[in-house]
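I would ask you to keep the sequence and the coordinates in view while I go through them.

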Amino acid sequence: MRVGVDLVDVAALRARFAGRNDLLADTFSEAELAYCLSQPRPWAHLAARLAAREAVLKALGTGLKGTMSWRDVEVTRDPAGRPGLAFHGGMAEVLARGGFERSTVSLSHTATHAIAVVILFRV
C-alpha cells in the first residue's frame, strides 16, 4: 500500500488556468471539466482534481515521467457521487508494472484550498 496527499491553493490554480482552455483540456478529462464547470465553485472542484493527480504521483514516488500525462489520472464519480480514480495510458502502465491493482481517493475543498488523499493498493 502507498499513500499520497496533496493540497492545492484554489486562487493559484485559477490564476494559472483561467482563460487557458488549452491547458484545462490538457490536464482534465472532458467529463471532469463538464462536472466541475457545472458547479457553483468550479475552481475548487478543479483544484481537488489536480490535488488527486499530484497525490497519485506522490504515492508512486515517481513524479510525472516518461509517457505519463496529467490526463492519465481521471477523477470519476459513482452513481452516489463518491469519487474514484481511473488510470489511462502511461500511468496505467506504471501502476500495472508496480503491481497496483486498486486505489481509493478522498477529496475535500473550501473556497480557498483543496486536498486529496490517494491510497494505492498492491493485491
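Predicted model: local features only at pLDDT ≥ 70, side-chain atom pairs only at ≥ 80, totals over all residues.

Let me begin with helix 3, which spans residues 30-37, and helix 4, which spans residues 42-60. Their axes come within 8 Å of each other and cross at roughly 145°. On the side of helix 3, the contact is made by Glu32, Leu33, Tyr35, Cys36 and Leu37. Helix 4 contributes Pro42, His45, Leu46, Arg49 and Arg53. Sorted by class, this contact has six nonpolar residues, one polar residue and three charged ones.

Which residues of helix 3 are buried? They are Glu32, Leu33 and Cys36. Seen down the axis of helix 3, these buried residues fall within an arc of 95°, so they line one face of the helix. Glu30 and Ala34, on the other side of helix 3, are exposed. The cover over the buried residues of helix 3 includes helix 2, at residues 21-27, together with helix 4 and strand 2.

In general, side chains of opposite charge can pair when their charged atoms come close. Glutamate 32 forms a salt bridge with arginine 53, and the closest N and O atoms are 2.5 Å apart. This pair links distant parts of the chain, with glutamate 32 in helix 3 and arginine 53 in helix 4, 21 residues apart. Are the two partners buried or exposed? Glutamate 32 has a relative accessible area of 1% and therefore counts as buried. Arginine 53 also has a relative accessible area of 1%, and so is buried.

I turn now to helix 5, residues 89-97. Its buried residues are Gly90, Met91, Val94 and Leu95. Because they cover an arc of only 135° around the axis, they lie on the same side of helix 5. On the other side of helix 5, Ala96 and Arg97 are exposed. Just after helix 5 comes glycine 99, which takes a positive phi of about 80°.

Next, the hairpin. Strand 2, residues 73-77, and strand 3, residues 83-87, run antiparallel and are joined by five bridges. Within this pairing, glutamate 74 has alanine 86 of strand 3 as its bridge partner. Five residues lie between the strands of the hairpin, where glycine 81 takes a positive phi near 95°.

A further salt bridge brings together the side chains of arginine 82 and aspartate 78, at 2.8 Å from N to O. Arginine 82 counts as exposed, at 54% relative accessibility, whereas aspartate 78 counts as partly exposed, at 25%.

How many salt bridges does the model have? The count comes to four. Among them is the pair of arginine 20 and aspartate 22, whose closest N and O atoms are 3.3 Å apart. Arginine 20 is partly exposed, with a relative accessible area of 37%, and aspartate 22 is likewise partly exposed, at 45%.

That concludes my presentation, and I thank you for your attention.

Note on methods
Residues numbered from 1 in each chain as written. Heavy atoms only, no water. Pairing = 2+ DSSP bridges. Helix = DSSP H or I, 4+ residues; strand = E, 2+ residues; numbered from the N terminus. Axes fitted to C-alpha atoms, helices over the stretch in contact; angles between N-to-C directions. Contact = heavy atoms within 4.5 Å. Nonpolar A, V, L, I, M, F, W, Y, C, P; charged D, E, K, R; others polar. Buried < 20%, exposed > 50% of the residue type's maximum accessible area, 1.4 Å probe, protein only. Arc of directions from axis to C-beta.
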